[in-house]
Amino acid sequence: MSTSGAELAQQELIEEFEMFDNWMDRYQYIIDMGKQLPDFPEACKTDEFKIQGCQSNVWMQHEKEGGKLIFKATSDAAIVSGLIAVLLRIYSERSADEINRTEPHFMKDLGLDKHLSPTRSNGLHAMLERIYQVAQQG
């Protein structure tokens, strides 16, 4: 079985995180990733695009282009923006089928499941849930 782009993205992330000796450096790397998110349209910062279950404000929208789902998202919190960047790197610009087949094992592999506060973890799960919902609708 060939490795999907989403799976490769998870592997690359895991390798990048292995370069850091401690969680302070890993958090900083996540924050830096968030600073590189593309601009999110102000017009989409509405309840329709808001993710429920996140402590900070998170908005996510998507479009379909040539059989691939392209996600855009933003947050008013630095660490959450970084988590968005991680998710987009893995799941954006993939087919719905590929998204549905990609297990989010990066959370465990990176140790995010142990190192995020419960509210941040809930927010990450809520964002993932939205991505999978969109993918299930095709």
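Which residues of helix 1 are buried? The legends below take up this question first.

The model is predicted: local features need pLDDT of at least 70, side-chain atom pairs count only at pLDDT 80 or more, and totals for chains, interfaces and linings use all residues. Residues are numbered from 1 along each chain as its sequence is written, and side-chain values use heavy atoms, with hydrogens and water left out.

**View 1. The buried residues of helix 1.** Ala6, Ala9, Gln10, Leu13, Ile14, Glu16 and Phe17 are buried (under 20% relative accessible area, with exposed over 50% and partly exposed in between; 1.4 Å probe, protein chains only). Seen down the axis of helix 1, these residues fall within an arc of 160°, so they line one face of the helix; the arc is that of the directions from the helix axis to the C-beta atoms. Helices (H or I, at least four residues) and strands (E, at least two) are DSSP runs, numbered from the N terminus. Helix 2, helix 3, helix 4 and helix 5 are among the elements that cover the buried residues of helix 1.

**View 2. Helix 1 against helix 3.** The two axes come within 7 Å and cross at roughly 140°. That makes helix 1 oblique to helix 3 (under 35 degrees counts as roughly parallel, over 145 as roughly antiparallel, 65 to 115 as roughly perpendicular and the rest as oblique). Axes are lines fitted to C-alpha atoms, for helices over the stretch in contact, and angles run from 0 to 180 degrees between N-to-C directions. Ala6, Ala9, Gln10, Glu12, Leu13 and Glu16 in helix 1 meet Val86, Arg89 and Ile90 in helix 3; contact means heavy atoms within 4.5 Å.

**View 3. The largest nonpolar core.** This core has 42 residues, and Tyr91, Phe106, Leu112 and Met127 have the most contacts inside it. A nonpolar core is a set of buried Ala, Val, Leu, Ile, Met, Phe, Trp, Tyr and Cys residues joined through side-chain atoms within 4.5 Å. Helix 3 supplies the largest share, 10 residues. Beyond its neighbours within four places in sequence, Met127 is in contact with Ile51, Cys54, Val58, Met60, Val80, Leu83, Ile84 and Leu87.

View 4. Among the buried residues of helix 7 are Leu124, Met127, Arg130 and Tyr132. The buried residues of this helix pack against strand 1, strand 2, helix 3, helix 4, helix 5 and helix 6 (112-115).
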